[in-house]
There are 2 protein chains.
Amino acid sequence: MTAADNIRIVLASRPQGEPAAENFRVERVPLPRPAKGQVLLRNRWLSLDPYMRGRMNAGRSYVAPIEVDAVMEGGTVSEVLESLHPEFEPGDLVLADGGWQTHAVADGDTLRRKLDPQDAPVTSALGVYGMPGFTAYAGLHEIGKPRPGETLVVAAASGPVGATVGQIAKLRGARVVGIAGGARKVAHLRDDLGFDVALDHRADDFAEQLKAAVPDGIDVYFENVGGHVFDAVLPLLNEFARVPVCGLIAHYNDSAPPEGPDRLPQLMGLALARRLTIRGFIVFDFNKLYPEFLREMGAWLRDGKVRYSEDIVEGLENAPQGLIGLLRGENFGKQLVRIA
Amino acid sequence: MTAADNIRIVLASRPQGEPAAENFRVERVPLPRPAKGQVLLRNRWLSLDPYMRGRMNAGRSYVAPIEVDAVMEGGTVSEVLESLHPEFEPGDLVLADGGWQTHAVADGDTLRRKLDPQDAPVTSALGVYGMPGFTAYAGLHEIGKPRPGETLVVAAASGPVGATVGQIAKLRGARVVGIAGGARKVAHLRDDLGFDVALDHRADDFAEQLKAAVPDGIDVYFENVGGHVFDAVLPLLNEFARVPVCGLIAHYNDSAPPEGPDRLPQLMGLALARRLTIRGFIVFDFNKLYPEFLREMGAWLRDGKVRYSEDIVEGLENAPQGLIGLLRGENFGKQLVRIA
């Protein structure tokens, strides 16, 4: 129990292009009260993810947009303060969709799982051992299907999806080329994560570097970014290459399509000539794999076979700046907000 | 045995854009002689197919291009004149890759099958009961996977691939919208082939007509054409729609990409948001299905459940004009050349 108010961040207005501070508003409201079957949560950690940018737009993407004046949505690690659900008691730590706020009420039945700090650091449930890690796992399992000896390329490779994609592909026997922005991230891929090659997409000769890095072509391109990285990848795709389309962060702030020529027919022509499989997915499409993911990833984490890094913003009030930075690629590893 | 010469049509020069008569040359050369294991063939029927345009270009697509001065390639129904192969004897009719010529020598082991006129009209082996029909069958079986009640859209729908796609999809329980050019073709789809809706892509309000024709959206779009048909289809694709990419005839004569804006990022964004599967294929990728295709299609043809039409050009010397017309959509049904 607590007598404090709920501090929350709502969508004040829809951004045009890159989000700005004025698109968000901090509010102080009375604590919500749980009803039967519900729990009152104190959110401890908030996850920031690229998909949030899409939710800020009016148009329906794969889920409905966040309404103006509604609380920004997001995954949280939360502590149960009060429980009117038989499976939870005060002090439990849970993985929740608590949103951008200090407190939340949730139906106990919708909480995905309890978190045991003895099992894995609880923040990993927002990264490698949660939605982003499962995204990597499911996208490879269902679409990318890297085989031993094949070449996989992944961009945004120091982020929680990309880093996990590369490490799983290595465990499956593939050769892995990771792409990131800046020397520090590139060194991390090579030195800490064991990627075969790591490239900086900001280099002037990036396309040539990528070509040199894949002498046998590309069999799997795990698409997180789009933009000039995809442009460099396209001519290098092998026959029967698979392109799981997981994200397009380079385009989330686009307010208009880029100038021509129109390369849509060219992409379809390449899909035909090279027999490409280009397939979009969202992690929820593959929920049936979730138990298998928890089991396999849990073992990899315990054995040190998969590593991860986190980038922490202090204080809920700094979440907007955290998301803006994430969309610029300024984060290093999984972007979290510690809610004070 | 015959003492005649071989008349053949070679690629005289590579076309820029639409092929023209001067890109082809007729030659008269001595008859080739079969060696051990080979047969001498008299080609009776030549198949004209859209893929031939791609072969006339220098750049490698999925197979090597036809060299300048080499015989134009193509499937044929041919009669064995002389056989040095134990399985064939003079008078046998075979499905061959005889090319644009009156005679050819072939390794007996490479001939796909003997043709029995009692079984099915021999020309069907170049259309519905051969490569184009198998293309339709395999693309639906492996990628499109129409389910009962789903909506399938196919363009170039009076051609041998499109007509077969639509009829198989109907047999599988799907609702089928066919698109073709001109009133005569549209009437054929509706009245002879039993499509649920048939549309003329030349109509000014084609995009609106298509939208009205698919109140539940599009689950499978079998891509034969590209161009403005695909533009109209794109916004109507449902979540989890499948797009087998079989051909792009609207673009085969393109010499430069169309003007902007560049819609490539938009297509990738739609693939993500709608979880599309866009997958190119070539019929040879699915050869393991060929026996099943022959069995199932054979039964459908005997039972009158699949129908087909043919458009015949008389005389080998008119094959170039036949191909040029095919690329303009002037043919009505499977385009054949009767070699006099």
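1. Into which domains is chain A divided? Domain 1 covers 6-127 + 310-338, and domain 2 covers 131-284. The bounds come from an automatic or database domain assignment.

2. A word on conventions. This is a predicted model, in which local features need pLDDT of at least 70 and side-chain atom pairs count only at pLDDT 80 or more, while totals for chains, interfaces and linings use all residues. Residues are numbered from 1 along each chain as its sequence is written, chains are lettered from A and ligands numbered from 1 in the order in which they are written, and side-chain values use heavy atoms, with hydrogens and water left out.

3. The domains of chain A. The centres of domain 1 and domain 2, taken over C-alpha atoms, are 28 Å apart. Domain 1 brings 18 residues to the contact and domain 2 brings 13; contact means heavy atoms within 4.5 Å. About 1,500 Å² is buried between these two domains, 62% of it from carbon and sulfur atoms. Buried area is the accessible area (1.4 Å probe) that two parts lose on being put together, summed over both.

4. Polar links between the domains. The rule finds 0 salt bridges between domain 1 and domain 2 of chain A. A salt bridge is a side-chain nitrogen of Lys or Arg within 4 Å of a carboxyl oxygen of Asp or Glu. There are 4 residue pairs in polar contact (both at pLDDT 80 or more) between domain 1 and domain 2 of chain A. A polar contact is a pair of N or O atoms within 3.5 Å; within protein, one must be able to donate a hydrogen and the other to accept it, and residues adjacent in sequence count only if both atoms are side-chain atoms.

5. The chain interface. Chain B and chain A each give 39 residues to the contact. The buried area between them is about 3,300 Å², with 68% from carbon and sulfur atoms. The rule finds 4 salt bridges across the interface of chain B and chain A. In one salt bridge, the side chains of A:Asp262 and B:Arg263 meet at 2.8 Å, N to O.

6. Strand pairing. β13 of chain A (residues 277-280) pairs with β13(B) in the antiparallel sense, over 3 bridges. A:Arg279 stands opposite B:Thr277 in β13(B). Strands (E, at least two residues) and helices (H or I, at least four) are DSSP runs, numbered from the N terminus. Two strands pair if DSSP finds at least two bridges between them.
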